[in-house]
Amino acid sequence: KIIRKSYLSVKIMDKVGVIGAGSLGTALAQTIAQNVDEVCLQLRRENLAKAINETRFNTEYYPNTRLLDNITATTDLNDLKDCKVIFLSIPSSAFRTTLEKLKDVVSDDAILVTTAKGIEYPSLKTMGNLVEEYFDDQYVALSGPNFASEIVLNQPTVSNIASKNRKNAETVKRVLSTDQYKVKIIDDVIGLEICGVIKNINAIANGICEGMNVNENARYGVLTKGFDDTIKIIKSVGGMESTAGEYCGFGDLVLTSTSFESRNHTLGMLYGQRLIVDEKASGVVFEGKNSIMAIKDICDNNNIKSVIVNFVFDVIVNQIPPKIAFRDLWENIE
């Protein structure tokens with residue numbers, strides 16, 4: 001087994017897989033590689049896989065960060081056959097097709113970990129629900145205030161994970177945990193997953209307000225109302241109110257709603273400034289619209305009136321001018 005001074009002295013397991021070599025997938029691979037013998041990083045493009053293996057750099061996302069030597073890039077899903085844990089770090093739009101291909105590859109005892117913060121529309125299924133269609137309900141879900149650009153640099157980070165199988169959650173915690181990466185297990189899978197969707201809507205809402213130059217008193221009022229609505233929505237789908245106060249809830253909501261590194265916050269700012277966004281070229285718009293429409297349906301189905309969800313839905317989906325939509329929001333914010 002490979003032992004390096006910069007790694008832990010005892011490896012947790014032989015091989016872990018990560019599907020998706022985007023920003024988060026690559027960052028998680030870098031973290032996990034400190035704890036296991038080998039990380040198999042599966043991606044679609046042969047030229048990028050070859051570049052990672054030859055140069056140790058993912059030049060498309062982290063051109064200045066050298067990846068650890070025990071990370072091996074591949075385009076072949078079959079290379080994941082003997083992985084004990086497999087992280088799914090792909091966009092929600094690619095989840096179903098990936099699971100379809102993966103079902104004939106994964107061993108029966110492998111633990112699947114979903115990191116995607118999205119929801120399928122119009123089915124309203126979380127990524128975990130999709131895993132259940134092809135495998136079982138023993139998966140682990142991961143979420144938190146986690147910018148990948150900081151994780152890859154081994155900067156202090158904390159996440160929540162949840163699973164119906166406590167043993168699986170504990171295994172994933174051991175795989176991920178380092179001196180800098182902290183992991184807390186909670187017992188609310190659906191709450192954790194829904195938090196990851198709602199926080200994007202709150203980020204867009206606050207981005208719209210900032211793009212419109214709405215004053216700070218009002219913006220933080222909107223942020224507070226968004227948190228309150230998050231609690232109502234989580235409870236309506238069977239989640240726990242306490243989850244809203246976890247890292248995956250309050251922490252992620254505040255991070256993505258206030259940071260300029262947040263893609264959804266930036267998307268909201270563009271709409272708030274009434275700038276034209278190329279929807280076909282932007283995966284963020286596609287993911288964001290799906291999330292908005294899905295959460296709007298969940299609210300309508302459960303008789304929840306969320307002024308924040310309605311505000312974002314009006315601006316992004318109905319394309320109502322932001323100032324008009326904000327006027328309606330402010331009239332109903334109490």
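This is a predicted model: local features need pLDDT of at least 70, side-chain atom pairs count only at pLDDT 80 or more; totals for chains, interfaces and linings use all residues.
**Exercise 1. Determine how helices α3 and α4 are oriented relative to each other, and which residues form their contact.**

Solution. 

Step 1. Locate the two helices: α3 covers residues 95-102 and α4 covers residues 127-134.

Step 2. Take the geometry of the pair. The helices pack at an angle of about 25 degrees, and their axes are 10 Å apart.

Step 3. Classify the angle. Angles under 35 degrees count as roughly parallel, and α3 and α4 are therefore roughly parallel to each other.

Step 4. Assign the handedness: the crossing in which α3 passes α4 is right-handed.

Step 5. List the residues in contact. Helix α3 contributes Phe-95, Arg-96, Leu-99 and Glu-100, while α4 contributes Met-127, Leu-130, Val-131, Glu-133 and Tyr-134.

Step 6. Sort these residues by class. The contact of α3 with α4 comprises six nonpolar and three charged residues, with no polar ones.

**Exercise 2. State how many cavities of 30 Å³ or more the structure holds, and describe the lining of each.**

Solution. 

Step 1. Count the cavities. Two cavities of 30 Å³ or more are present in the structure.

Step 2. Examine the largest cavity, which holds about 60 Å³ of space. Its lining consists of Thr-114, Thr-115, Ala-116, Lys-117, Gly-118, Ala-141, Leu-142, Ser-143, Leu-192, Glu-193 and Gly-196. Strand β6 (140-143) and helix α7 (189-211) are the elements that give two or more residues to this lining. By class, the lining of the largest cavity has four nonpolar, five polar and two charged residues.

Step 3. Examine the second largest cavity, with about 30 Å³ of space. The residues lining the second largest cavity include Ile-198, Ile-201, Asn-202, Asp-229 and Ile-308. Helices α7, α8 (216-236) and α12 (307-317) each supply at least two lining residues, and the largest share, four residues, comes from α8. The lining of the second largest cavity divides into five nonpolar, four polar and one charged residues.

**Exercise 3. Characterise the largest pocket by its volume, its lining and the elements that supply the lining.**

Solution. 

Step 1. Give the volume: the largest pocket contains about 1600 Å³ of space.

Step 2. Describe the lining. It is made up of 49 residues, and those nearest the centre of the pocket are Ser-23, Ser-89, Ile-90, Pro-91 and Arg-263.

Step 3. Identify the contributing elements. Two or more residues each come from α1 (23-32), α3, α5 (148-151), α7, α9 (247-258), α10 (263-272) and α11 (283-301). Helix α11 gives the most, with six residues.

Step 4. Sort the lining by class: the largest pocket is lined by 17 nonpolar, 23 polar and nine charged residues.

How values were computed: Residues are numbered from 1 along each chain as its sequence is written. Side-chain values use heavy atoms; hydrogens and water are left out. Axes are lines fitted to C-alpha atoms, for helices over the stretch in contact, and angles run from 0 to 180 degrees between N-to-C directions. Angles under 35 degrees count as roughly parallel, over 145 as roughly antiparallel, 65 to 115 as roughly perpendicular and the rest as oblique. A crossing is left-handed if the near helix is turned anticlockwise from the far one by less than a right angle, and right-handed if clockwise. Contact means heavy atoms within 4.5 Å. Ala, Val, Leu, Ile, Met, Phe, Trp, Tyr, Cys and Pro count as nonpolar, Asp, Glu, Lys and Arg as charged, and the others, Gly among them, as polar. On a 1 Å grid over the protein atoms alone, a cavity is a set of points where a 1.4 Å probe fits but cannot get out, and a pocket is an open set with protein on both sides within 12 Å along at least five of seven lines; lining residues have an atom within 4 Å of a point. Grid points are joined across faces, edges and corners, and a volume is the space filled by probe spheres set on the points.
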